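Welcome, and please open your viewer. Let's take a walk through this model together, one selection at a time.

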Amino acid sequence: MSDLAQALASLEAAAQADLAAALDVSAVDAVRVRYLGRKGSLAAILRGLGGLDAAERPLAGKLANEVKTRVEAAIGTRRGALVAVAQAAALAAERLDVTLPGQPVAMGRLHPSTQVLRRICQIWANMGFQIYRSRDVESDELNFELLNIPAHHPARDMWDTFYTETEGVLLRTHTSPGQIHAMREFHPEPIRVILPGMCYRYEQITARSEIQFHQVEGLAVGRHITMTDLKGTLISFAHRMFGANRQVRFRASYFPFTEPSAEMDVECLICGGSGCGICKQSGWLEILGCGMVHPRVLQNGGYDPSVFSGFAFGMGPERITMLLHRIDDIRFFWGNDLRFLEQF
Ligand code: 2NL
């Protein structure tokens, strides 16, 4: 019996010494296996219990269990201390330096034609025009007929059209059908609206023409609106958009929905009027089309043309963007080439 007590005492002492020498968690786990494991020292001692007298066995078992509990507790304490040391070391080693410069976030930007579109709309909003939005899918009636462009009329050739498989439903070729919606919504009140939006034309894609592009159209309807209102308002727009000293001229033109019709040019932004490749030596750049709203179109919008008159205009922000930034190919706009887009 005293042999057994002796063996247990020296096991406990050896385990304590090994624990003190264990410098990391895996060394502690090795101590547990060595002394308390199935093939460990304690198990070997317990196997020797069989040779004791039956009377001595309970006391021997009690002694062995006490030693096991103490060694178990010592392992737990040592293990906890080493885990804490390892955590403290990791915290110190991996400390976050909040003063390091951050990873820059890749910033997006607005598409160049969106930037110009918004500038145009801002100028018109400042001049008292309300922004009106309208659908991209339209009826033949609104896109053409109510704008004084009947079927089979030669003027239809001005707009190559994407038709849907539904009879009479198409992609708008200009934002003008939205102007009819606006007139029908607000008549007989006078209106000043600006209509930005995407338009679609069934065309060969080249450096100068795309199958989709934006248009910004404007419309003013009221009593006693005359051609001088049209000219004064559009000249004011041109001065705000291209500079207060820029010369402006109007040339007679034709649109089915206006009479009379005109085109407005500004002095070339590149050469200032002396003539260059951009303005084809003319000194002028065509910026927009305009005119006095045709009486039939006024009527289709719900206004009495003997009381009301109005002017309208339309411009292409992509074309204006090309002139402002000297972009020589319209296909860049929807080509999604970052080398192009990141320049703006
Ligand atoms: C161009 C020419 C223009 C209009 C658009 C318009 C709309 C209604 C009535 C009368 Cl509802 N006119 N719009 C008028 C003249 C010219 O656009 O070349 N745009 C890029």
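Helices (H or I, at least four residues) and strands (E, at least two) on this tour are DSSP runs, numbered from the N terminus. This is a predicted model, in which local features need pLDDT of at least 70 and side-chain atom pairs count only at pLDDT 80 or more, while totals for chains, interfaces and linings use all residues. Residues are numbered from 1 along each chain as its sequence is written, and side-chain values use heavy atoms, with hydrogens and water left out.

**The whole chain**

The chain has eleven helices and nine strands. With a radius of gyration of 44 Å, well over the 20 Å that the globule rule gives for 344 residues, the chain is more spread out than a compact globule. Here the radius is taken over C-alpha atoms, and the rule is 2.2 Å times the number of residues to the power 0.38. Along the principal axes, the C-alpha atoms fill a box of roughly 130 × 50 × 40 Å.

Of the 344 residues, 42% count as buried. Buried means under 20% relative accessible area, exposed means over 50%, and partly exposed lies in between (1.4 Å probe, protein chains only).

Colour by charge next. There are 35 positive and 37 negative side chains, and the centres of the two sets lie 6 Å apart. Lys and Arg count as positive, Asp and Glu as negative, and His and the chain ends are not counted. Each charge is placed at NZ of Lys, CZ of Arg, CG of Asp or CD of Glu.

Select residues 176-186, which form helix α7; its buried residues include Ile 180, Ala 182 and Met 183. What do the buried residues of α7 pack against? Their partners are β2 (137-139), α6 (140-143), β4 (191-200), β5 (212-223) and α9 (295-300), where a contact means heavy atoms within 4.5 Å.

Move on to Pro 188, in the loop between α7 and β4. The peptide bond from His 187 to Pro 188 is cis, with omega near 5 degrees. For another cis bond, jump to Glu 259 and Pro 260, where omega is about -5 degrees. Pro 260 sits in strand β7 (residues 258-267).

**The cysteines**

Show the cysteine sulfurs. How many disulfides does the structure hold? The number is zero, taking a disulfide as a pair of cysteine sulfur atoms within 2.5 Å. Cys 199 has its nearest cysteine sulfur, that of Cys 121, 13 Å away. Cys 199 counts as buried because its relative accessibility is 0%. For Cys 279, the nearest cysteine sulfur belongs to Cys 271, at 3.7 Å. Is Cys 279 buried or exposed? Cys 279 is buried, at 4% relative accessible area.

**Two positive phi values**

Step along to Lys 280, in the loop between β7 and β8 (284-293). Lys 280 is not a glycine, yet its phi is positive, at about 50 degrees. With a relative accessible area of 61%, Lys 280 is exposed.

Then find Asn 336, in the loop between α10 (317-325) and α11. Phi of Asn 336 is near 55 degrees, a positive value in a residue other than glycine. Asn 336 is exposed, with a relative accessible area of 61%.

Leu 341 belongs to helix α11 (residues 338-341) and counts as buried, at 15% relative accessibility.

For the last stop, select Ala 312 in strand β9 (residues 308-315). Ala 312 counts as buried, with 13% relative accessibility. Which residues does Ala 312 touch, not counting those up to four places away in sequence? They are Gly 218, Leu 219, Leu 230, Gly 289, Cys 290, Gly 291 and Val 293. To finish, draw a C-alpha to C-alpha line from Ala 312 to Glu 145: the two are 167 residues apart in sequence and 17 Å apart in space.
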